[in-house]
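This briefing is meant for a reader meeting the structure for the first time. Please look over the sequence and the model below before turning to the points that follow.

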Amino acid sequence: MTKDECRSIFKEAWHKAIQKEFYPKYIMGAHVGGIYFLRDICMQLFPENNIADQLNYEQYEKVSATQIRATTNDFGKLGLLTTQFEKQELTNVNKGDVVFIKLENSTLLKKLAGKITSYLYMGNNLLFDINLGHIIDWLEWKQNGEWSPRLLFSVRNSGNNSISIDGKQFRPNGEADKLIWDEFWSKV
Amino acid sequence: MSDYSNISDTPFWTNLGFEVESDDKMLFIEIWCATSAGTKLRFTKNSKVQMIDFVDDEWEGKDSYLYSLEYPEEGPPNEFNIVRKEKLLADFVTLSEKYGKEHFINFIQSLYDNYPKPDSFNDPLDYLDSLNPNENFHIKWALIYDVLYFITEYIRIHND
């Protein structure tokens, strides 16, 4: 996979994801750009026998994934591994993993709808906002006294899942897919 | 502002060679990123959001801040929002130079004019306001609003 091929895949997924943000179904709902970004990368890397674009993400936008009881079950079926952060450090996180952060200043934020937000990990302590519009450096951001952010957990695609529809799978699935997935993110 | 106030300064931009990209998809991405980078820290106790419900109750500057909202001409200028607005408009100028001013203006005007809205509304900003009648602060709504608002600001100032 060349750098140009990776950029083309990234750009296409990025553009579609921002369109989902700019033209939302639920304007007062949750950011879902990151979900659609990862979904489109899945479909571009594994266009055959892949149900990633058939899954319904509407409830995540309407309610926010962190408030849906079924999320844990969904993660399990999709082969997404959840790991709690024991320290406020981005260790054991790979590029392309989703990182969940809680904002803890209750006074400032008590009137906001959501206090848990998510980012895509981009390596070197850098986090891509789930609206796919800016990058923050965790080493600096974690010292923000107003937002008081705290790392909760990360979610990683294991490449080993059980979900299928009409014989088709959710990909990446299996070692060969995982190698392609990891190669893509190694170029980012 | 953000640690990387310009998306083109981030490591992944260089790693993937995005500097060679300059089509309309990229322009849309860069407009979104310029606005998002300026919005990230918008909601703090030092931010002027014109909604007193969101002021930090324990902030020592609360009273003078509320006074400045009630009497904006007598209150102190809100430096954060001034800096933020100047940075965003400067970013739009940079994009207009990269993509060509005429093309940039046509693109953002089209983005604005074609934003989906019911027939009962002529202006997309009026439509967005109608979706948030209680002026609740919502980061997703605010980001879309900012993109459209700064389009009108850029055109008002720079479309000679």
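In chain B, 67% of the contacts between residues at least 6 apart in sequence join residues at least 24 apart, where two residues are in contact if their C-beta atoms, placed from the backbone, lie within 7 Å. This is a predicted model, in which local features need pLDDT of at least 70 and side-chain atom pairs count only at pLDDT 80 or more, while totals for chains, interfaces and linings use all residues. Residues are numbered from 1 along each chain as its sequence is written, and chains are lettered from A and ligands numbered from 1 in the order in which they are written.

**The two chains overall**

- Chain B has seven helices and zero strands, and its pattern, read along the sequence, is α-α-α-α-α-α-α; helices (H or I, at least four residues) and strands (E, at least two) are DSSP runs, numbered from the N terminus.
- Chain A, for its part, has seven helices and eight strands.
- Of the 160 residues in chain B, 24% are buried, and of the 188 residues in chain A, 36% are buried; a residue is buried if 20 or more other C-beta atoms lie within 10 Å of its own, exposed if 12 or fewer, and partly exposed in between, with C-beta atoms placed from the backbone.
- In chain A, 66% of the contacts between residues at least 6 apart in sequence join residues at least 24 apart.

**Helix 7 of chain B and its partners**

- Helix 7 of chain B has 20 residues and reaches 27 Å from its first C-alpha to its last, close to the 28 Å expected at 1.5 Å a residue, the expected span being 1.5 Å times one less than the number of residues.
- The buried residues of helix 7 of chain B include B:L143, B:V147, B:L148, B:F150, B:I151 and B:Y154.
- Helix 5 (residues 101-113) of chain B packs against helix 7 (residues 139-158) of chain B at an angle of about 135 degrees, with the axes 10 Å apart; axes are lines fitted to C-alpha atoms, for helices over the stretch in contact, and angles run from 0 to 180 degrees between N-to-C directions.
- That angle makes helix 5 of chain B oblique to helix 7 of chain B, since angles under 35 degrees count as roughly parallel, over 145 as roughly antiparallel, 65 to 115 as roughly perpendicular and the rest as oblique.
- The crossing of these two helices, helix 5 and helix 7 of chain B, is left-handed, a term used if the near helix is turned anticlockwise from the far one by less than a right angle, with right-handed used if clockwise.
- On the helix 5 side of chain B, B:I105, B:I108, B:Q109, B:L111 and B:Y112 meet B:L148, B:I151, B:T152, B:Y154 and B:I155 in helix 7 of chain B.
- By class, this contact between helix 5 and helix 7 of chain B has eight nonpolar, two polar and no charged residues, where Ala, Val, Leu, Ile, Met, Phe, Trp, Tyr, Cys and Pro count as nonpolar, Asp, Glu, Lys and Arg as charged, and the others, Gly among them, as polar.
- The axes of helix 6 and helix 7 of chain B come within 10 Å and cross at roughly 160 degrees, which makes helix 6 of chain B roughly antiparallel to helix 7 of chain B.
- Helix 6 of chain B contributes B:P124, B:L125, B:L128 and B:L131 to this contact, and helix 7 of chain B contributes B:W141, B:I144, B:Y145, B:L148 and B:Y149, giving nine nonpolar, no polar and no charged residues by class.

- B:N114 lies in the loop between helix 5 and helix 6 (124-131) of chain B, and B:N114 is exposed, because 9 other C-beta atoms lie within 10 Å.
- Although B:N114 and B:P124 are ten residues apart in sequence, their C-alpha atoms are 8.7 Å apart in space.

**Helices 1 and 2 of chain A**

- In chain A, the axes of helix 1 (residues 3-22) and helix 2 (residues 33-45) come within 8 Å and cross at roughly 145 degrees, and the crossing is right-handed.
- By class, the contact of helix 1 with helix 2 of chain A has nine nonpolar, two polar and five charged residues.
- Ten of the 13 residues of helix 2 of chain A are buried, so this helix is largely enclosed by the rest of the structure; among them are A:Y36, A:F37, A:D40 and A:I41.

**A buried loop residue in chain A**

- A:D97 sits in the loop between strand 1 (80-84) and strand 2 (98-103) of chain A, and A:D97 counts as buried because it has 20 C-beta neighbours inside 10 Å.
- Leaving aside neighbours within four places in sequence, A:D97 is in contact with A:Y121, A:S154, A:V155 and A:R156.
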